[in-house]
Amino acid sequence: MGNALCCVASCVVEEFWGSPRGAAPLVPASSLAAEKPTAAAPARRLAPVEPEDTDDGVRAPPPPPVAIGAPIKDKDYYCGVNCYYLMMRAASEGTREMAEETLDQIARLGFSVIRIWAFNDGAGWNALQTKPGVYDQNVFKGLDWVVAESAKRGLRLMMTLTNFWEDYGGFPQYVRWSRRLAADAPAKGEEFYDDPVCQRMYRTFIKDVVTRVNTITGVAYRDDPTIFAWDIVNEARCEGDTTYRKLTKWLDVTAAYVKTLDKKHPVTAGLEGFFGPSTPQLLDCNPYNQTHGVDWVANCNTPNLDFVSIHLYADQWCPDSSDDAERCDWAVRWLKGHIQGAKMLRKPLCLQEFGKKPAGPGRAKLFKQLLAIAESEAESKGTLAGSLVWMYAHEDYPDYDNYTIYERGAPTRAAVKQVSQPLVKDAESTKLVVDFARALRPLPPADGAALKPADGAAAKPAAGAAGKPAAGAAVKPAAGAAVKPAESAAAKPAAGAAVKPAAGAAVKPAESAAVKPAAGAALKPAESAAAKPAAGAAVKPAAGAAVKPAAGAAVKPARS
């Protein structure tokens with residue numbers, strides 16, 4: 001495989017994973033009959049790779065970032081983590097140290113990709129988009145910082161742009177904005193799809209993020225090799241749509257829109273992965289007899305999605321009566337079923353979220369079985385191209401949802417006191433994922449993959465932030481690139497205050513500028529005030545959903 005910088009998305013993916021992709025026609029299911037999911041076969045363990053130390057015992061500096069279009073490592077497999085809080089923590093001086101130490105830990109442990117929330121809508125703590133098309137400049141600079149600091153450590157970012165659930169705003173917040181509802185008014189994610197105002201607002205947000213020029217590096221996001229991929233939505237469903245067409249159409253047109261802005265980075269959609277009527281032979285892989293308006297293979301059968309993603313939560317989806325062995329068996333069947341589905345689509349598969357609660361032997365057992373499949377796929381350059389554990393956190397960050405893994409296996413006692421869950425040490429599960437990640441060696445950047453800032457864009461770092469590019473990266477203006485002012489220049493207004501742009505910044509009204517939130521919206525609720533509903537439950541916020549976090553701690557609800 002070549003390492004050349006690719007400008008066409010299809011070429012990017014072919015270079016990226018070395019496998020062809022496309023939409024219809026699907027590979028006939030009959031040709032894959034022999035590959036019906038079975039129990040996981042043990043795979044040869046990849047030899048762990050220890051961190052490289054210098055002569056004085058200090059860890060050697062990380063490698064520079066991998067270029068867009070280059071394979072991320074020698075076997076075309078990536079192992080990473082979800083860490084949703086990085087942008088919000090980086091936006092405040094009081095919590096930036098946690099974000100910095102989190103990045104240090106992730107790099108030190110050998111992970112290569114981090115999936116982060118590149119959105120936070122509404123009136124929550126450190127919200128990025130406070131009103132439609134209006135941004136808190138400090139939070140946008142926090143995202144700039146995360147991108148710049150990840151590049152220094154050789155880490156790459158999968159950037160999730162919105163949520164089906166109302167955690168951090170997501171689809172329900174766009175619905176409230178469109179209908180001018182109060183901040184705590186009930187709103188469902190399904191109401192988002194048919195609302196043209198919601199679609200205009202979300203497209204404005206996509207454009208403002210994808211085309212943003214980093215205030216620290218001077219590199220436009222769409223030109224930055226640190227960004228691994230764009231994830232257009234987290235866990236989209238469409239309850240009540242028995243045709244399964246609404247979600248399929250939305251994914252297609254939204255991914256196509258991203259590609260009009262950025263032809264270099266792959267695009268995916270963070271679906272949970274429920275099988276539907278297009279693949280009756282795989283329906284028995286579903287954990288229960290519901291699809292939530294999702295038909296995963298049909299939804300992903302568009303050339304505008306370059307790779308496909310799934311999530312895996314045996315504890316949340318399997319019957320409460322299931323024991324750990326039964327849940328592990330289902331998890332293996334789920335993953336193997338999606339490997340088969342991805343082969344039908346001719347696309348690489350990412351196990352974008354997987355986790356087990358609580359910490360302990362049950363988690364380690366599940367991780368062993370899933371990583372055995374991942375190792376086999378990595379060694380054979382199979383369809384499964386990557387896996388991202390949910391989730392990794394700094395030891396001072398509480399285990400809000402019981403899924404969190406830590407470098408030393410557990411949070412601090414101070415963090416434990418912020419939640420009602422007992423302290424459980426689980427170094428074994430962390431070690432399993434870390435050993436696997438360290439066995440996957442990233443390659444250096446391709447020739448000519450220097451970071452290129454937009455012509456005339458300032459590369460001056462924000463106050464207190466390091467603006468130094470990755471080691472060895474030449475900063476060179478893109479020929480003829482137009483300078484677009486940062487559209488996040490507006491400071492976050494106090495309740496009812498007029499938005500005053502930063503000096504010299506152009507103010508661009510949102511496409512739906514007439515839409516404004518109800519007066520009196522809370523300005524500082526917890527990072528994630530709404531609990532994620534159990535499978536099939538209606539999305540309804542609790543009354544008075546604003547919750548103030550303890551001493552800078554974000555409140556992440558339990559997944560179930």
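The protein chain folds into 13 helices and 10 strands; helices (H or I, at least four residues) and strands (E, at least two) are DSSP runs, numbered from the N terminus. This is a predicted model, in which local features need pLDDT of at least 70 and side-chain atom pairs count only at pLDDT 80 or more, while totals for chains, interfaces and linings use all residues. Residues are numbered from 1 along each chain as its sequence is written, and side-chain values use heavy atoms, with hydrogens and water left out.

**Confidence**

- The average pLDDT of the protein chain is 76, and 65% of the residues score at least 70; pLDDT is the predictor's confidence in each residue, from 0 to 100.
- Residues 1-24 have a pLDDT below 50, and this stretch makes 70 contacts in the model beyond near neighbours in sequence (contact means heavy atoms within 4.5 Å).
- Residues 33-75 also have a pLDDT below 50, with 120 contacts in the model beyond near neighbours in sequence.

**Overall packing**

- Of the 560 residues of the protein chain, 59% count as buried. Buried means under 20% relative accessible area, exposed over 50%, and partly exposed in between (1.4 Å probe, protein chains only).
- Among contacts between residues at least 6 apart in sequence, 77% join residues at least 24 apart.

**Nonpolar cores**

- In soluble globular proteins, nonpolar side chains tend to be buried together.
- The largest nonpolar core here has 127 residues, of which Ile114, Met159, Ile232, Trp296 and Leu335 touch the most other members. Such a core is a set of buried Ala, Val, Leu, Ile, Met, Phe, Trp, Tyr and Cys residues joined through side-chain atoms within 4.5 Å.
- Helix α10 (residues 324-345) gives the most to this core, with 9 residues.
- Which residues does leucine 335 touch, not counting residues up to four places away in sequence? They are Ile310, Leu312, Leu349, Leu351, Leu370, Ile373 and Leu384.
- A second, separate core has 9 residues, including Tyr78, Met158, Phe307 and Ala385.

**Helix α5 and the residue after it**

- Helix α5 (170-179) is mostly covered, with 9 of its 10 residues buried.
- Among the buried residues of α5 are Phe171, Tyr174, Val175 and Trp177.
- The buried residues of α5 pack against β3 (129-131), α6, β6 (227-234) and α7.
- Arginine 180 follows α5 and has a positive phi, near 55°. This arginine sits in the loop that leads from α5 to α6 (196-210).

**Where α6 meets α7**

- Two packed helices are described by the angle between their axes and the distance between the axes.
- The axes of α6 and helix α7 (residues 245-261) come within 10 Å and cross at roughly 35°. Axes are lines fitted to C-alpha atoms, for helices over the stretch in contact, and angles run from 0 to 180 degrees between N-to-C directions.
- On the α6 side, the contact residues are Gln199, Tyr202, Arg203, Ile206, Lys207 and Val210. They meet Trp250, Val253, Thr254, Tyr257, Val258 and Leu261 in α7.
- The residues of this contact divide into 8 nonpolar, 2 polar and 2 charged. Ala, Val, Leu, Ile, Met, Phe, Trp, Tyr, Cys and Pro count as nonpolar, Asp, Glu, Lys and Arg as charged, and the others, Gly among them, as polar.

**Around glycine 142**

- Glycine 142 lies in helix α4 (residues 137-152) and is buried, with a relative accessible area of 0%.
- Not counting residues up to four places away in sequence, glycine 142 touches Met87, Ala90, Ala91 and Arg96.
- How many residues along the chain separate glycine 142 from alanine 91? They are 51 residues apart, yet their C-alpha atoms are separated by 4.1 Å.
- Glutamate 93, in helix α3 (residues 93-109), is exposed, with a relative accessible area of 60%.

**Backbone details to look for**

- Most residues other than glycine have a negative phi, and most peptide bonds are trans.
- Lysine 381 is not a glycine but has a positive phi of about 55°. It is in the loop between α11 and β10 and counts as exposed, at 55% relative accessibility.
- A cis peptide bond joins lysine 357 and proline 358, with omega about -5°. Proline 358 is in the loop between β9 (349-354) and α11 (361-380).
- Tryptophan 390 and methionine 391 are also joined by a cis peptide bond, with omega about -20°. Methionine 391 is in the loop between β10 (384-389) and α12 (413-416).
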